[in-house]
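Please look over the chain shown here.

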Amino acid sequence: MVSSTHEAMHRIFQHDLRLFSRLSGMLGLPLPPPVDVTVLPTDLTESAPVERRVDTLLRLDSADDGSLLLAIEAQGKRDAAKPASWAYYTAYLWTKYRLPTALLVVCQDRGTAEWAGRSVCSGPPHMPTLTIEPVVVGPHNMPVITDPAEARADLALTTLSAITHAGDPDIDAILKALSTALQGVPDEVASPIVEFTAQGLGNRPAGEFWRKLVAVDLSFYKSFMSEEIRDEGRAQGGAKAHAKDVLEVLDARGIPVPGHVRERVTNCTDLDQLSRWHWRAVTVSSAEEIFTAEDE
């Protein structure tokens with residue numbers, strides 16, 4: 001499983017090709033619903049040896065307004081070089097496909113979102129020439145979906161809500177609503193939603209909360225990630241029990257256990273190592289003696 005938050009922030013639009021159409025109404029964009037959406041190649045490399053790739057590229061075809069291209073970029077932090085890259089992407093795509101080209105930037109924090117939404121010109125103030133002003137999606141304008149029924153009605157939008165609000169106080173409520181909404185959903189539908197959410201949350205505290213929800217609320221769900229979560233849970237539970245055994249032996253023998261020893265034993269997740277420490281705890285004269293050079 002790709003574990004990149006960046007990937008989830010834009011690939012959710014590839015997974016659900018109608019997601020942007022639903023999102024555009026929420027953003028106040030007067031775009032007609034497309035009759036067809038196509039995922040296009042993202043490689044924008046020219047003959048010169050400089051590789052350029054937009055994150056996700058969609059072609060939206062509507063019955064009344066024709067077609068447009070939507071370049072979607074996931075942006076995790078401010079980057080002074082990005083506006084120039086975005087200008088290149090949109091100009092190149094406009095030239096290559098001869099279609100109106102729009103840019104959507106997905107962010108996870110308000111500061112980055114505010115920065116990304118600024119109007120940036122390629123020329124001096126009196127000759128702006130080419131202006132980039134992306135539509136930005138982030139915690140400032142994405143809905144906070146905490147109702148399981150609302151989440152069930154649009155799983156992809158709820159996933160995007162969770163990803164963009166990954167660092168917000170409401171994130172646990174969003175994730176709980178999403179896990180509840182996924183109960184009873186066929187595996188082929190639930191699987192990408194579970195995986196995208198995990199990717200999008202990354203190593204944040206919310207990511208660990210989501211993993212626990214998947215392990216408990218979605219115990220029926222079978223996937224690489226959910227099985228990995230449950231295996232980790234079983235291993236962690238066994239490690240904690242072994243660590244407790246080691247410390248209890250030392251305590252029962254009246255041997256003082258310094259804080260650094262207690263911390264090292266408690267944080268260990270290697271069951272074989274804990275077993276060795278357990279046996280040594282029976283005979284050592286000081287807590288530090290359970291550790292040997294081979295443990296380092």
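What percentage of the 296 residues of the chain count as buried? The figure is 44%. The model is a predicted one. Its secondary structure comes to 12 helices and 7 strands. Contacts also reach across the sequence: among those between residues at least 6 apart, 61% join residues at least 24 apart.

**The sheet**

Strands of a sheet pair through backbone hydrogen bonds, either parallel or antiparallel. Here 5 strands form an open sheet with mixed pairing. Their order is β1-β2-β3-β4-β7. The edges are β1 and β7, each of which pairs on one side only. On average, neighbouring strands of this sheet are turned by 25 degrees against each other, direction ignored.

| Strand | Residues |
|---|---|
| β1 | 34-39 |
| β2 | 56-62 |
| β3 | 66-74 |
| β4 | 101-106 |
| β7 | 135-137 |

L104 has V135 of β7 as its bridge partner.

Helix α1, residues 5-15, lies across β1, β2, β3 and β4. Against β3, α1 runs at about 160 degrees.

**The α6/α7 pair**

Two packed helices are described by the angle between their axes and the distance between the axes. Helix α6 spans residues 155-164, and helix α7 spans residues 171-182. They pack at an angle of about 155 degrees, with their axes 10 Å apart. An angle over 145 degrees counts as roughly antiparallel, so α6 is roughly antiparallel to α7. The crossing of α6 past α7 is left-handed.

Which residues make the contact? From α6 come L155, T158, T159, S161 and A162. From α7 come I171, I174, L175, L178, A181 and L182. By class, this contact has 8 nonpolar and 3 polar residues, with no charged residues.

**A loop residue**

G123 sits in the loop between β5 (120-121) and β6 (131-132). Is G123 buried, exposed or partly exposed? Its relative accessibility is 23%. Buried means under 20% and exposed means over 50%, so G123 counts as partly exposed. Leaving aside residues up to four places away in sequence, G123 touches P128 and T129.

Note on methods:
Residues numbered from 1 in each chain as written. Predicted model: local features only at pLDDT ≥ 70, side-chain atom pairs only at ≥ 80, totals over all residues. Heavy atoms only, no water. Axes fitted to C-alpha atoms, helices over the stretch in contact; angles between N-to-C directions. Helix = DSSP H or I, 4+ residues; strand = E, 2+ residues; numbered from the N terminus. Parallel < 35°, antiparallel > 145°, perpendicular 65-115°, else oblique. Left-handed = near helix turned anticlockwise from the far one by under 90°. Contact = heavy atoms within 4.5 Å. Nonpolar A, V, L, I, M, F, W, Y, C, P; charged D, E, K, R; others polar. Pairing = 2+ DSSP bridges. Buried < 20%, exposed > 50% of the residue type's maximum accessible area, 1.4 Å probe, protein only.
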